[in-house]
Protein chains: 2
Amino acid sequence: MPQTKFLLSENQIPTTWYNVVADLPKPLDPMLHPGTREPVTRDDLAPLFPEALIAQEFSTDAEVDIPGAVIDVYQQWRPSPLVRARRLEKALDTPARIYFKNEGVSPAGSHKPNTAIPQAYYNKQAGVERLTTETGAGQWGTSLSLACQYFGLICEVYMVKVSYRQKPYRRGLMETFGASVTASPSELTEAGRAALAADPDSPGSLGLAISEAVEAAVNSGGTAKYALGSVLNHVLMHQTIIGKEAQLQMELAEDYPDILIGAAGGGSNFGGLVLPFLGEQLRGGRPVRAIAVEPSSCPTMTQGTFDYDFGDTAGMTPLTKMHTLGHDFVPPSIHAGGLRYHGMSPIISQLKEYDYLEARALPQTACFEAGVTFARNEGIVPAPESTHAVRAAIDEALACKESGESKSILFSLSGHGHFDMQAYIDYFAGKLKD
Amino acid sequence: MPQTKFLLSENQIPTTWYNVVADLPKPLDPMLHPGTREPVTRDDLAPLFPEALIAQEFSTDAEVDIPGAVIDVYQQWRPSPLVRARRLEKALDTPARIYFKNEGVSPAGSHKPNTAIPQAYYNKQAGVERLTTETGAGQWGTSLSLACQYFGLICEVYMVKVSYRQKPYRRGLMETFGASVTASPSELTEAGRAALAADPDSPGSLGLAISEAVEAAVNSGGTAKYALGSVLNHVLMHQTIIGKEAQLQMELAEDYPDILIGAAGGGSNFGGLVLPFLGEQLRGGRPVRAIAVEPSSCPTMTQGTFDYDFGDTAGMTPLTKMHTLGHDFVPPSIHAGGLRYHGMSPIISQLKEYDYLEARALPQTACFEAGVTFARNEGIVPAPESTHAVRAAIDEALACKESGESKSILFSLSGHGHFDMQAYIDYFAGKLKD
């Protein structure tokens, strides 16, 4: 029987994260303070993040040790499987070899715990008692809930009110993991009260939820900090555990990816898979073709500009040099909530700008069609975000069929869609718009 | 770092199922025809099942070969992990060693595909075109949907109408896997039409859905057969893949279970884990203590009689000798839908009657409490059915703490609760009754 799953034992979990900043073609442009427009200092970030994470954010070391206590937790589900999608290959009748790295096996059902766990750990080490954060679709809030539970921290999640109402199961999951979940806008913060005063029926937004979570941390007198689930350098670095494992697993498969594919919202899942391979290339090793897939309704890299912009809607965060559609861009309400962000990780943005990776925008119905094909062959219903990677992988495999080439394609299955079945129901009912 | 997960590679999947019928203390009492009350013949079952499955139902061979095409599919998620619940042990401060076999990693999120896959395979081999079945909570319907998809069969699921309305995500999952799902009672069968004539607003019942699925198969002119997800001998045999893998994994852990625990509705998950170990004991090997956990609201083994009874409400199925609360028993609507069955597998019933295993009835709120403790330590939200096994495992571990004994406890985590979060939400809201 030909091998399907390439598994590593838990003592093969990589012991360092990879920091691509050490190998980038040129230094990253500095973050700028929103008030002074001067480069942000470590002290500027201290109210939000513990020192260890700030140090990682500014680090230029290529390899950063993963603490033993973090590896202890990673062991519950890592190394995640790398799977050869043999049934899918057969259904497509392609000569391509299709692999996927399945991050859906984590407690939250996505890659997000890879950074939630170390973020909780470093905050606990720094004496922090509470972490605040925002969540839209719920993947990040779920991950931070469990991470806080494991390290004895209180977790306060501001969940966009419309999601809070539409996704009670995600909320239930966060509460099962021990978090307190508040619908945003709330009465707990000035930002929330102002929004409610302006519109008592406000459905909320991710930008507003960020403002509430940040305010709650900043006004905590030092007992609470804030946690962010994507975009930042340290977040992408934590996610490189995905690609580092995949490198070992491709060796087990006696293969090497010609094409790497991931969906990109803030860039942490895509970066997590791709950066260790791209780092090889940047250091003179084997080149790879890397494709970041975004929704055509929020085409940050394919249509945005590469410029300084704010991370939030209100313009309170530092400015970063990145691909952006403008911080006041309001993406349409597509089902892949994790991909509805106006900006992009500065690291991914620079690599795109210097042509080390490609970006591709795809419409959601084509992505769900691919998601269904994947589910019917591989037995896993992909998260709406992940269907973007599936679509691109299938398209590349079909291109191989056309050309007769047998390429090796590796994509990141960032998560499962168990909490997003309404999107599939809407797809089958013909209710999805592109 | 002490080891947490005991993994087997896919070429270590057992190549035979174990059939405990070969080793039972006495032969099973025969099934009786509902009309004649004479022992059922193979011909009697031919309208419902293909020959190969009927042969397995009557088989007394101890080991039965698993077809290569079935192993091919098992490889997508099997062998399932055997996990040492180290964080849970620490939280309980128990000297016990707690292991669980995680069947939640399957495409359907439970153990049910272990039998759905071979049932679809044997039907395809026999030239069957369609499979009909019923589903309540949806685990079984989901599993058969995917199995039919893989082997090119049409799958028709009769879903109890109240579940059809309350669990749209389960329905969405079945449709994603390619099944057609019909709310029962339906207009498609005589049984359904009669029920609707009597009560157009009938919420349906599992017994009625069985009647519809059976009728659809019997009246198909041989193109369709029926599939059942528990209770029958061949179903329990297919599930022994769980226990056979666990035996190999306990060797990797250099340990042997003193206590085996599983939740029991129809008995297939419990039997799947326990029977290979109990078979060792029946053949003179090492004894184990096996505990079947049922809900106190449907106490089949702890309160029922051991006698001949029908499998369905209407009295149309063969009579089997089993523990039963009476085929007209209507269990209260508890959240663990998979445990709401008036009867019990004849194999499990006999082993209980002859004291080879214990039965224990537990109230649901205590089970959900244990489920939350498990989720907060092991990162997995158990299905409501599985929380019964978790509760018993925790109770045994706490008994070890009391007595100072360091026992080895292995329980079956039959599935995850991603599609059952409403039960947890109700639990937190104090809405669950015992």
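User: How many residues of strand β6 (residues 130-135) of chain A are buried?

Analyst: The model is predicted, and what follows should be read as a description of that model. In strand β6 of chain A, six of the six residues are buried, so to be counted this way each has under 20% relative accessible area. The strand is thus mostly covered.

The side chains of β6(A) can be sorted by direction. A:R130, A:T132 and A:E134 point one way, while A:L131, A:T133 and A:T135 point the other way. Residues of both sets are buried. In a regular strand, side chains alternate between the two faces of the sheet.

Next comes the partner strand. β6(A) pairs with strand β7 (residues 154-160) of chain A in the parallel sense, over six bridges. Within this pairing, A:T132 stands opposite A:E156 of β7(A).

Now the chain around the strand. Chain A has 17 helices and 15 strands. Its radius of gyration is 20 Å, close to the 22 Å that the globule rule gives for 434 residues, so chain A is as compact as a globular protein of that length. The C-alpha trace spans about 60 × 50 × 40 Å along its principal axes. Of the 434 residues in chain A, 64% are buried. Among contacts between residues at least 6 apart in sequence, 75% join residues at least 24 apart.

Finally, the surface and the charges. Chain A exposes about 14900 Å², and carbon and sulfur atoms supply 50% of that area. The chain carries 35 positive and 49 negative side chains, with the centres of the two sets 6 Å apart.

How values were computed:
Residues numbered from 1 in each chain as written. Chains lettered and ligands numbered in written order. Predicted model: local features only at pLDDT ≥ 70, side-chain atom pairs only at ≥ 80, totals over all residues. Heavy atoms only, no water. Helix = DSSP H or I, 4+ residues; strand = E, 2+ residues; numbered from the N terminus. Rg over C-alpha atoms; globule rule 2.2 N^0.38 Å. Buried < 20%, exposed > 50% of the residue type's maximum accessible area, 1.4 Å probe, protein only. Contact = heavy atoms within 4.5 Å. Areas by Shrake-Rupley, 256 points an atom, 1.4 Å probe, with all protein chains shown as cover. Lys, Arg positive; Asp, Glu negative; His and termini not counted. Charge placed at Lys NZ, Arg CZ, Asp CG, Glu CD. Pairing = 2+ DSSP bridges.
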